[in-house]
Amino acid sequence: MAIHLGANQYGKAENRVVRIYRDTPRHQIRDLNVSTALRGDFEDAHTTGDQSDVLPTDTQKNTAFAFAKEKGIGAIEDYALTLGAHFLDASPAAQGARIEVEEYAWDRIQVDGQGHDHSFVRTGGGVRNTVVNVEGRGAERKTYVVSGISDLVVLKSTGSEFHGFLKDEYTTLPETNDRILATSLVARWRYDTRRTGDGSVDWDKSYDEIKGLLLSRFATIHSLALQQTLYGMGSAVLEQHPEVAEIKFSAPNKHHFLVDLSPFGTENPGEVFIAADRPYGLIEATVTRDDASDAGSAWHAVPGFC
Ligand SMILES: O=c1[nH]c(=O)c2[nH]c(=O)[nH]c2[nH]1
């Protein structure tokens with residue numbers, strides 16, 4: 001029987017790395033979820049059981065924690081790039097390293113109008129993340145950075161329409177020129193550092209500005225459909241951020257249905273809704289530059305997008 005090993009990768013998923021900076025009484029916290037994976041020539045590990053090329057997932061875990069102390073954690077993109085380069089150096093059989101980092105942000109608890117020194121409350125408003133792929137050695141080294149945000153729950157109570165859609169014998173949806181539009185947005189954008197003057201990106205600034213732009217465009221676009229809103233948000237990011245080659249969205253349409261209060265003799269002019277959690281429309285789109293660079297392995301093992 002002719003069979004062979006196909007695509008494979010291995011690593012330690014979801015290392016919960018919490019780093020406290022306590023050099024002064026005013027502590028700082030970084031709270032990460034770090035997943036590492038190596039891919040390459042790991043044929044023997046699978047087919048004969050010889051593990052001599054395998055850098056254990058336990059070692060990968062230890063490295064994620066050790067680097068948090070030894071090298072510190074700057075932008076999650078830099079932390080991931082450092083880890084990825086290290087794993088390729090440490091594992092000769094590896095051809096690629098994939099590092100995914102989510103960051104849970106914390107605000108200081110306000111006490112008497114002051115941010116407390118060492119007590120924090122989890123920040124709402126989305127979870128920042130990055131997926132870094134590092135490939136090759138020496139001059140052949142290639143790095144890919146896809147960063148993004150998930151769980152960005154947004155709602156607008158008007159300024160959203162949906163009508164003029166295709167109808168057949170199963171269509172019951174009424175047309176509307178005033179509905180609630182709500183989603184829990186996932187957006188990921190691919191950086192092309194060759195598009196910046198000196199090849200570097202200020203990751204934190206770029207993230208903050210893109211998040212702000214996504215929110216302000218969601219608020220100000222008069223929506224004719226979630227599809228049109230996503231395209232408008234993506235276009236704004238590409239217009240204002242030369243360092244971004246393309247952006248992908250996955251957006252559940254969190255339906256809010258007007259409740260019929262007429263049995264109780266009560267009118268309901270767009271005031272009381274039932275928020276349905278399922279089923280939901282799932283609207284996904286990529287907005288890309290005509291001259292976007294080759295994506296290479298940037299989207300390697302990034303699920304949930306078309
Ligand atoms: O913004 C929307 N896009 C759709 O494709 C769709 N389909 C649907 O039933 N409602 C909506 N809303």
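This is a predicted model: local features need pLDDT of at least 70, side-chain atom pairs count only at pLDDT 80 or more; totals for chains, interfaces and linings use all residues.
Strand 1 covers 15–21, and Glu14 sits in the segment before it. Glu14 is not a glycine, yet its phi is positive, at about 60°. Most residues other than glycine have a negative phi.

The next level to look at is the division of the chain. The protein chain falls into domain 1, residues 8–140, and domain 2, residues 152–306. Taken over C-alpha atoms, the centres of the two domains are separated by 29 Å. To their contact, domain 1 contributes 16 residues and domain 2 contributes eleven residues. About 1200 Å² of area is buried between domain 1 and domain 2, and carbon and sulfur atoms give 46% of that area.

What polar and charged pairs cross this interface? Nine residue pairs are in polar contact across the interface of domain 1 and domain 2, counting pairs in which both residues have pLDDT 80 or more. On the side of domain 1 that touches domain 2, the elements giving two or more residues are helix 3 (76–90), strand 3 (94–104) and strand 6 (127–135). Strand 6 gives the most to this side, with six residues. By residue class, the side of domain 1 that touches domain 2 has four nonpolar, five polar and seven charged residues. As for salt bridges, two are counted between domain 1 and domain 2. Elsewhere in the list of charged pairs, Glu100 forms a salt bridge with Arg188, and their closest N and O atoms are 3.6 Å apart.

Which residues surround the ligand? They are Phe162, Leu173, Arg179, Ala225, Leu226, Gln227 and Asn253. Three of these residues can be followed to particular ligand atoms. Leu226 uses its backbone: one of its backbone N or O atoms lies 2.7 Å from an oxygen atom of the ligand. Gln227 uses its side chain, where an N or O atom is 2.8 Å from a nitrogen atom of the ligand. Asn253 likewise places a polar side-chain atom 3.2 Å from a nitrogen atom of the ligand.

Is the peptide bond from Arg278 to Pro279 cis or trans? The bond is cis, with omega near -5°. Most peptide bonds are trans. Pro279 lies in a loop, between strand 11 (273–275) and strand 12 (281–288).

Technical notes:
Residues are numbered from 1 along each chain as its sequence is written. Side-chain values use heavy atoms; hydrogens and water are left out. Domain bounds come from an automatic or database domain assignment. Contact means heavy atoms within 4.5 Å. Buried area is the accessible area (1.4 Å probe) that two parts lose on being put together, summed over both. A salt bridge is a side-chain nitrogen of Lys or Arg within 4 Å of a carboxyl oxygen of Asp or Glu. A polar contact is a pair of N or O atoms within 3.5 Å; within protein, one must be able to donate a hydrogen and the other to accept it, and residues adjacent in sequence count only if both atoms are side-chain atoms. Helices (H or I, at least four residues) and strands (E, at least two) are DSSP runs, numbered from the N terminus. Ala, Val, Leu, Ile, Met, Phe, Trp, Tyr, Cys and Pro count as nonpolar, Asp, Glu, Lys and Arg as charged, and the others, Gly among them, as polar. A residue is near a molecule or strand if one of its heavy atoms lies within 4 Å of it.
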